[in-house]
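Here are my notes on this one, jotted down while going through the model.

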Amino acid sequence: MNFIEELRWRGMLQDMIPGLEDQLAKEMTVAYIGFDPTAPSLHIGNLAAIMLLKHFQLCGHKPIALVGGATGMIGDPSGKAAEREFLSEDTLRANQIGIQKQLEKFLEFHAGANSAEVVNNYDWFKEFSFLGFLREAGKFLTVNYMMSKDSVKKRLETGISFTEFSYQLLQGYDFYHLYKTKNVRLQMGGSDQWGNITTGTEIIRRKEGHDEDATERAAFALTTPLVTKADGTKFGKSESGNVWLDAEKTSPYAFYQFWLNAADADVPRLIRVFTLYTKEQIEELEKQHAEAPHLRILQKAVAEEVTTRVHGAEVCALVIEASTLLFSKDAVELIAGASEALLGQLPIHEVSATLIAECKNLTDLISVGTDNLIFPSKGEARKAIQNNAISVNKVKVTDPNSALDFEKIRGQYLLVGNGKQKNYILSFK
Ligand SMILES: N[C@@H](Cc1ccc(O)cc1)C(=O)O
């Protein structure tokens, strides 16, 4: 299957510039996707774009991941309703190192001709003078053209700074630079990037003097739909915020659980976008899933595949063991006997002695006592207990005023369950 066919059946193709299929059939092609270092880690929204690069390489083409050391200093207005605060240069440089390391995990760098590469646009922008940029990039597009982009149009009422307005020129120039220096012919991205990507193809066309419909050495754009959920809520967020690829920011256990808890309505989409299972494998898994949905076969397949890609097979095996353990009737005994490696992956929350001193009962413990990890307020904790949602060491507790003998549980673990899906291990030092 070729790259475009692959994306099509996976539902990963939103738009592309015509002629791309011929280009890809003609020769090994180089494509890039950029990632701005706005956070110390990539999140699962970025993973959909990474999968584009992954498929591109698997189909025999050469992927380049660009870290936006320069563009991150400006801030992309695409999809943003308001002007953004700058990040400090120290933060940006630290973020850049973090996301570069992550990007390197997903692609093959020793694959011969189509080996992946990572580049950083700070390398070509740091020496660029302001006058040079106006002459080399700004002159090739009209302000009228730049204003017609959604990212700018949407901000005309509320205002957009010259700085953010110029963002598309930077991204556009990146494409031109990579086209010239690395023969990059295609830029890909999420559907919100269409405007910025086509600014690039436009700069290339004008600077290279091609006809509007020239196919010789033309540059192409391809976008993938933003992943959405059937219930209309935002994909990629859990209750505790973004789902990050960095184990320090989202534990592998929480990462695995995120996929495991996907709704049946969403999981066919997720398995196509985020895993490399083939069409036949997915259809087979879907058949098995339909016969016994309660076994969550599809969710497990996605959770295992993605957690392995992001955190490695060893950690994935441990979080699967941790998840099974927590849902078992004998969880309390199993935790007591767990290995160090397994304990390292369990969602253990150390309860602070000062907070405990203020707890009178279970309601207090599962709200303020655990730093609002389980419930944001005493009121909600109380309601959950009254609604039969809470168990302690696998035994249902229905009295919100249940007293806890904190002296007795010192040095032990307490397993708190909230509903069917959430488990917390509290440790008392
Ligand atoms: N604008 C892209 C990141 C990017 C940066 C530079 C590029 O050349 C390409 C893409 C985003 O916000 O996701």
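Predicted model: local features only at pLDDT ≥ 70, side-chain atom pairs only at ≥ 80, totals over all residues.

1. The overall picture. The protein chain has 429 residues, and 48% of them count as buried. Taken along the principal axes, the C-alpha atoms fill a box of roughly 80 × 50 × 35 Å.

2. The polar side of the site deserves a look. Asp76 places a polar side-chain atom 2.8 Å from a nitrogen atom of the ligand. Tyr167 does likewise, with a polar side-chain atom 2.8 Å from a ligand nitrogen. For Gln171, an N or O atom of the side chain sits 2.9 Å from a nitrogen atom of the ligand. As for cover, the ligand taken alone exposes 340 Å², and the protein buries 85% of that.

3. On to what the record says. UniProt, in an unreviewed entry, places a short sequence motif called the 'HIGH' region at residues 37–46. In the model that span is 30% helix and 0% strand, and its end C-alpha atoms lie 11 Å apart.

4. The unreviewed UniProt entry has a domain, "Tyrosine--tRNA ligase SYY-like C-terminal", covering residues 363–425. Here the model gives 25% helix and 24% strand, with the end C-alpha atoms of the span 16 Å apart.

5. Asp371 is not a glycine, yet its phi is positive, about 60°. Asp371 lies in the loop between α20 (362–365) and α21 (378–386). Is Asp371 buried or exposed? Asp371 counts as exposed, because its relative accessibility is 58% and the cut-off for exposed is over 50%. Asn388 also has a positive phi, near 70°, in a residue other than glycine. Asn388 sits in the loop between α21 and β10 (390–392). With a relative accessible area of 42%, Asn388 is partly exposed.

6. Another loop residue is Ser402, placed between β11 (395–396) and α22 (406–409). Ser402 comes out at 19% relative accessibility, so it counts as buried, the limit being under 20%. The Ser402 side chain reaches the backbone oxygen of Asp399 at 2.7 Å.

7. Cysteines. How many disulfides does the model have? The count comes to zero. Cys316 has a relative accessibility of 2% and is therefore buried. Cys359 is buried too, at a relative accessible area of 9%.

8. Glu6 belongs to helix α1 (residues 3–10). Which is it for Glu6, buried or exposed? Glu6 is buried, because its relative accessible area is 13% and buried means under 20%. The side chains of Glu6 and Trp9 are joined by a polar contact of 3.4 Å. Ala317 is in helix α16 (residues 313–327). At a relative accessible area of 45%, Ala317 is partly exposed. Thr307 is 10 residues away from Ala317 along the chain, and the C-alpha atoms of the two are separated by 9.3 Å.

Terms used. Residues numbered from 1 in each chain as written. Heavy atoms only, no water. Disulfide = S-S within 2.5 Å. Buried < 20%, exposed > 50% of the residue type's maximum accessible area, 1.4 Å probe, protein only. UniProt positions renumbered as here; feature names shortened; annotations may be inferred. Helix = DSSP H or I, 4+ residues; strand = E, 2+ residues; numbered from the N terminus. Polar contact = N/O pair within 3.5 Å; in protein donor to acceptor, adjacent residues only side chain to side chain. Areas by Shrake-Rupley, 256 points an atom, 1.4 Å probe, with all protein chains shown as cover.
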